[in-house]
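Subject: Structure for you to look through

Dear colleague,

I am passing on the structure we talked about, and below it you will find a short account of what turned up in it. Please read the account with the structure open beside you.

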Amino acid sequence: MAPIVKTVDVTKIYQMGVEEVHALRGVSLEIREGEYVSIMGPSGSGKSTLFNMVGALDSPTAGEVFVAGRRLKDLTSGQLAWIRCHNIGYIFQSFNLIPTMTALENVAIARIFSGRAPREARRDAAGALEQVGLAHRLDHTPSELSGGQQQRVAIARAIVNRPAIILADEPTGNLDLHTGQEIIALLSAMKKDLGITVITATHDTKMLSASDTVVWIKDGGIDRVADRSEVRIDVGTIDGQTVA
Amino acid sequence: MAQTDGQAWNRGEQIPEQTPVSWGIAFGVSWGSLKRRLFRSLITMSGVVLAIAFLTYMLVTDSIARALVTANVDRLNLLLQRAGVDIFAAAGTDRRMLLLIGLSLFTCLVGIVNAMLMSVTERVKEIGTMKCLGALDSFVLKTYFIEAALQGIIGTALGIGIGVLVGFVVSLNAFHGYVVQFFPWGGACKAMVIALLIGSVISIVAAIAPAQWAARKQPVEAMRAEG
């Protein structure tokens, strides 16, 4: 099957004053549809840069990024916005809910961007919130919700347009261990039940057990790619314990 | 295979352009944002209220003074002279007052621009997030423009009300019942229309730059760690 996301020799150079910072040095990566992929690496490894490329949020200095066979470079900004809206659901470390909107409005706005009328958008948003177990919190603003609940709202917002891909940037980074595991379980369920490809950037080894593939990034390049069976062994050796 | 809404996704069709969001929906988003940041919005608005109230006050008291001078009643002329109105020139607004009004309006313009630019800086991550959700530049432009313009126009309306009221009370205090007797309805209406026009123009001009600046923010800003 053709990969849903593909990068070919992606290079990213940031200009910091007179100095050039090579964030990525020719990364080629393929992600298959329906996979749960974790991009691992310490901060400064280029992990976030690669993640942003894959998510159509940033463009490479050299090389190509393909999403569902489309070369992102060939698309207009309106087409990129369409892809971000309809095909990719974004989840952030700090949840990124709009503080002045209720849970329902936060989800509904994503639906409105996809061209739905407000009434229909609110109905679909309520459905998505029910799916993440927040049917009783529709009218709460983010400040009235716990971190775990806010991340659930963010997941509802990410799935309301039924995307093919969910991109999660350190989704458990601001959550305690238990809540983090609940969020990972929810993401795994989205993969299993809806067939969504989940791509996360993380340095949280708890994320590994849910992953089909783990990509380790080091110094702007791919250090190692491991599949599920190898990952299980790694967790044991890294953590000294198996995390469910 | 994922069941997606993106119909063109799996079929190798041309990716469509994202559909813009209507002004009506943008208005709803801006209004909600203003309402829930009420205190903040009121502070931004207060600059406009003060400047426009000052302008309206000057225009209204001038109009009343002119009307009273034209009335040419002996006892009233005495009151006018005591109040320092030049009854022979019959023109209350001097150059210094015009300069003051101009300065206060300019300060008000700079105030709105400053407050809105800060508001954009504070909400860079929010704008980035909206763009990740599929917002176009035009949506961000519309919401920030409406937000700034609304603050300006509501502030203008409040400023006009306060200016007329204060102008009337101050004149009443100086010239007593003559103000009611010779109240310049036409002149007061003219003053209000002038203040409304000036206030609206300033609000809209001040809204343009911050809205454009907001619209240019990139979706990747959503990933910023701080804020």
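In chain A, six strands form an open sheet in the order 6-7-8-3-9-10, with mixed pairing; strands (E, at least two residues) and helices (H or I, at least four) are DSSP runs numbered from the N terminus, and two strands pair if DSSP finds at least two bridges between them. Strand 6 (88–91) and strand 10 (221–227) of chain A stand at the edges with a single partner strand each, so one side of each has no neighbour in the sheet. Strand 7 (residues 165–169) and strand 8 (residues 197–202) of chain A run parallel and are joined by five bridges, and A:Ala168 has A:Thr200 in strand 8 as its bridge partner.

This is a predicted model, in which local features need pLDDT of at least 70 and side-chain atom pairs count only at pLDDT 80 or more, while totals for chains, interfaces and linings use all residues. Residues are numbered from 1 along each chain as its sequence is written, and chains are lettered from A and ligands numbered from 1 in the order in which they are written.

The contact between the chains takes 40 residues from chain A and 31 residues from chain B, where two residues are in contact if their C-beta atoms, placed from the backbone, lie within 7 Å. On the side of chain A that touches chain B, helix 1 (47–54), helix 2 (77–86) and helix 3 (103–113) of chain A each supply at least two residues, and helix 2 of chain A gives the most, with eight residues.

Best wishes
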